Amino acid sequence: MARPRRSKPHRMPKTHDRRAHDLPRNADVVPVEIDDPLALEPGEKIVALRSVRNDPLGRLHAHKQLDDAQYRAGRAFQNDWERAERGPQAVDPSREHVDGARGREPVTEGQRQAVLRLNRAERELGADGAAITHDVLVHGLTMEQVGHKRGLASQRWNDYFARRFKECLDRLALVYGLSTDRIPRKYDQPVRASRPTQT
């Protein structure tokens, strides 16, 4: 005699898994939580993979070596650099003039403000700090590459450049208004006057 079929409970289908499973061989990605672009309710989050292969700032933040203010200050500096770089380009007088060619683009107010912020940031960072910040944030160099560029290849120098870069990001966070903490420096300390000796 045939056994009667039992009714199975109805299971709701899983939502579609939108995570990438096939990554390139040399991929360097970290999971990051972002706003869901297909969300029905505002504020819903999803986990996405962010590439940090050519992004030293993102890699340091993903490994919890930078806090959020330092990370956002670095991104603000990169954004200002890209905006200022998009300005008018030099005209090559040796090229033949062609009718219908684009004329010079005027400098926008956003580009002017970005240049002013970059100038202020470079004054705050000093020559050495601005050079290290530029190497990491604009050229995407790692601390080892920053040391090799200066002819200083040892772990102590790598640690020094990493520490100095974090100090520069702290200073940038103050410049961009992302941090209100005053970072005391050795030369900011008040000097105590010695009491004059009476004779």
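Trainee: What pLDDT does the protein chain average?

Mentor: This is a predicted model, and pLDDT gives the predictor's confidence in each residue on a scale from 0 to 100. In the protein chain, 72% of the residues score at least 70, and the average pLDDT is 79.

Trainee: Which element of the protein chain has the highest mean pLDDT?

Mentor: Among the elements of the protein chain, the lowest mean pLDDT, 81, belongs to strand 1. At the other end, with a mean of 92, stands helix 5.

Trainee: Over which residues does pLDDT stay under 50, and how many contacts beyond four places in sequence does the model have for them?

Mentor: Where pLDDT is low, the predicted coordinates should not be read in detail. The stretch in question is residues 186-194, and the number of contacts beyond four places in sequence that the model has for this stretch is three.

Trainee: How many salt bridges are there, and which residue forms one with K45?

Mentor: The count comes to nine salt bridges. In the one formed by K45, the closest N and O atoms are 2.7 Å apart. K45 lies in strand 2 and its partner in strand 1 (residues 29-35), so the pair ties together parts that are 10 residues apart in sequence. The residue that forms this salt bridge with K45 is D35.

Trainee: Is D80, which forms a salt bridge with R117, buried or exposed?

Mentor: The closest N and O atoms of D80 and R117 are 2.8 Å apart. Because D80 lies in helix 2 (residues 68-85) and R117 in helix 3 (residues 109-137), this pair ties together parts that are 37 residues apart in sequence. R117 has a relative accessibility of 28% and therefore counts as partly exposed. For D80 the relative accessibility is 3%, and since buried means under 20%, D80 counts as buried.

Trainee: Which residues are linked with D128 in a network of salt bridges?

Mentor: Two side chains meet in a salt bridge at 3.7 Å, N to O, and they belong to R164 and E167. These residues are three apart in helix 5 (residues 155-175), so about one helical turn separates them. At 18% relative accessibility R164 counts as buried, whereas E167, with a relative accessible area of 44%, is partly exposed. The residues linked with D128 in the network are R164 and E167.

Trainee: With which residues is Q70 in contact, leaving aside its neighbours within four places in sequence?

Mentor: Q70 lies in helix 2, and it is buried, because its relative accessible area is 8%. Leaving aside those neighbours, the residues in contact with Q70 are Q65, K166, L169 and D170.

Trainee: Is V47 buried or exposed?

Mentor: V47 is found in strand 2 (residues 45-51), and it touches P31, V32 and E33, not counting residues up to four places away in sequence. The C-alpha atoms of V47 and D36, which are 11 residues apart along the chain, are separated by 8.6 Å. Since exposed means over 50% relative accessible area, V47, at 51% relative accessibility, counts as exposed.

Trainee: Which residues do ring pairs link into a cluster?

Mentor: The structure holds three aromatic pairs. The cluster that ring pairs link together is made up of W157, Y160 and F161.

Technical notes. Residues are numbered from 1 along each chain as its sequence is written. This is a predicted model: local features need pLDDT of at least 70, side-chain atom pairs count only at pLDDT 80 or more; totals for chains, interfaces and linings use all residues. Side-chain values use heavy atoms; hydrogens and water are left out. Rings of Phe, Tyr and Trp (its six-membered ring) pair if their centres lie within 6.5 Å; planes under 30 degrees apart count as stacked, over 60 as edge-to-face and the rest as tilted. Helices (H or I, at least four residues) and strands (E, at least two) are DSSP runs, numbered from the N terminus. Buried means under 20% relative accessible area, exposed over 50%, partly exposed in between (1.4 Å probe, protein chains only). Contact means heavy atoms within 4.5 Å. A salt bridge is a side-chain nitrogen of Lys or Arg within 4 Å of a carboxyl oxygen of Asp or Glu.
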